[in-house]
Amino acid sequence: MELMKYVKEYNYLKVNMEKSGFMYGLCDTRTVKYSQDLDLLLNKLMKIRYPGLKRRTN
């Protein structure tokens, strides 16, 4: 269930980032903020998908 919440948020951020990039440009603070939020969300998703990722060493 938590994963579906993140998927909806991902879609929301992705669409808004694309709109912002088109309307204001890629260097605008709004676009950068959406991009940063999207990166943080993807990090959360990776921790759900691969819970042992932090403890893994090569």
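This briefing covers the nonpolar core, the salt bridges and the aromatic rings of the structure above. The model is predicted. Its largest nonpolar core has five residues, and the salt bridges number three. The count of aromatic pairs is zero, although Arg30 does lie over the face of Tyr24.

**Nonpolar core**

- Tyr6, Leu13, Leu38, Leu41 and Leu45 make up the largest nonpolar core.
- Helix H1 and helix H2 (29-49) each supply at least two residues of this core.
- H2 gives the most to this core, namely three residues.
- In soluble globular proteins, nonpolar side chains tend to be buried together.

- Leu13 is located in helix H1, which spans residues 2-24.
- Leu13 counts as buried because its relative accessibility is 6%, under the 20% cut-off.
- Beyond its neighbours within four places in sequence, Leu13 is in contact with Tyr34, Asp37, Leu38 and Leu41.
- The C-alpha atoms of Leu13 and Tyr34 are 6.1 Å apart, while the two residues are 21 residues apart in sequence.
- Leu45, with neighbours within four places in sequence again left aside, is in contact with Leu3 and Tyr6.

- Glu18 and Lys14 form a salt bridge, with 3.7 Å between the closest N and O atoms.
- Both residues lie in helix H1, four residues apart, or about one turn of the helix.
- Glu18 is partly exposed at 48% relative accessibility, and Lys14 is partly exposed with a relative accessible area of 33%.

- Asp37 and Lys33 form a salt bridge in which the closest N and O atoms are 3.1 Å apart.
- Asp37 and Lys33 are separated by about one helical turn because they are four residues apart in helix H2.
- Asp37 counts as partly exposed at 24% relative accessibility, as does Lys33 at 46%.
- Asp37 is also one of the residues in contact with Leu13.

- Arg30 forms a salt bridge with Asp28, and the closest N and O atoms are 2.7 Å apart.
- Asp28 is buried, with a relative accessible area of 19%, because the cut-off for buried is under 20%.
- Arg30 counts as partly exposed at 41% relative accessibility.
- Arg30 also sits over the face of Tyr24, at 3.6 Å from the ring centre.

Terms used:
Residues are numbered from 1 along each chain as its sequence is written. This is a predicted model: local features need pLDDT of at least 70, side-chain atom pairs count only at pLDDT 80 or more; totals for chains, interfaces and linings use all residues. Side-chain values use heavy atoms; hydrogens and water are left out. Rings of Phe, Tyr and Trp (its six-membered ring) pair if their centres lie within 6.5 Å; planes under 30 degrees apart count as stacked, over 60 as edge-to-face and the rest as tilted. A charge sits over a ring if NZ of Lys or CZ of Arg is within 6 Å of the ring centre and within 35 degrees of the ring normal. Buried means under 20% relative accessible area, exposed over 50%, partly exposed in between (1.4 Å probe, protein chains only). Contact means heavy atoms within 4.5 Å. A nonpolar core is a set of buried Ala, Val, Leu, Ile, Met, Phe, Trp, Tyr and Cys residues joined through side-chain atoms within 4.5 Å. A salt bridge is a side-chain nitrogen of Lys or Arg within 4 Å of a carboxyl oxygen of Asp or Glu.
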